[in-house]
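This briefing sets out selected features of the structure shown below. Please keep the sequence and the 3D view at hand while reading.

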Amino acid sequence: QVRLVESGGGLVQAGESLKLSCAASGVILRLNDVRWYRQAPGKQRELVAGIGRGGGTNYAESAKGRFTISRDNAKNTVALQMNSLQPEDTAVYYCNVEALDALRTWRAYWGQGTQVTVSS
């Protein structure tokens, strides 16, 4: 079983920064793509940023130029640096990974989410 633990959320003012972290634990043979999603109240969950094992990245238009996703393959961790935060970034942020687990099966795993609140 793979477990994801997110941290780093909080309450900030518009224009400030936060760095989210996600640590994967358990028997992990390999991590493939890792992504950050977010879900605001009353809205669907949306992709914010993703990073492949080789480091290739992709971002939602709303995140480009402000957010940076990174990963440490040796530690099975992923981070999301968020700068110039705006009230519309307020949401619960979720880490999502594709992992090859102890059963040698690729599965998608989700973290429990971390709240980010940006005040104006």
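**Structural briefing**

Asn76 is buried (under 20% relative accessible area, against over 50% for exposed and in between for partly exposed, with a 1.4 Å probe and protein chains only), as its relative accessible area is 19%. The model is predicted: local features need pLDDT of at least 70, side-chain atom pairs count only at pLDDT 80 or more, and totals for chains, interfaces and linings use all residues. Residues are numbered from 1 along each chain as its sequence is written, and side-chain values use heavy atoms, with hydrogens and water left out.

**Positive phi angles**

- Asn76 has a phi near 55 degrees, which is a positive value in a residue other than glycine.
- Asn76 lies in the loop between β7 (67–72) and β8 (77–82); strands are DSSP runs of E with at least two residues, helices are runs of H or I with at least four, and both are numbered from the N terminus.
- Ser84 is also a residue other than glycine with a positive phi, here near 50 degrees.
- The loop between β8 and β9 (91–101) holds Ser84.
- Ser84 is partly exposed, and its relative accessible area is 36%.

**Disulfide**

- One disulfide is present in the structure, the term denoting a pair of cysteine sulfur atoms within 2.5 Å.
- Cys22 and Cys95 form this bond, with an S to S distance of 2.2 Å.
- Distant parts of the chain are linked by the pair, since Cys22 is in strand β3 (residues 18–26) and Cys95 is in strand β9, 73 residues apart.
- The torsion about the S-S bond of Cys22 and Cys95 is about -85 degrees, and the disulfide is therefore left-handed.
- Cys22 is buried at 2% relative accessibility, and Cys95 is buried with a relative accessible area of 0%.

**Nonpolar core**

- The largest nonpolar core contains 30 residues; such a core is a set of buried Ala, Val, Leu, Ile, Met, Phe, Trp, Tyr and Cys residues joined through side-chain atoms within 4.5 Å.
- Trp36, Leu80, Met82 and Tyr93 have the most contacts inside this core.
- At least two residues of this core come from each of β1 (2–7), β3, β4 (28–39), β5 (46–51), β7, β8, β9 and β11 (114–119).
- Strand β9 supplies the largest share of this core, five residues.
- Leaving aside neighbours within four places in sequence, Tyr93 is in contact (heavy atoms within 4.5 Å) with residues including Glu6, Leu20, Trp36, Val48, Phe67, Leu80, Met82 and Val116.
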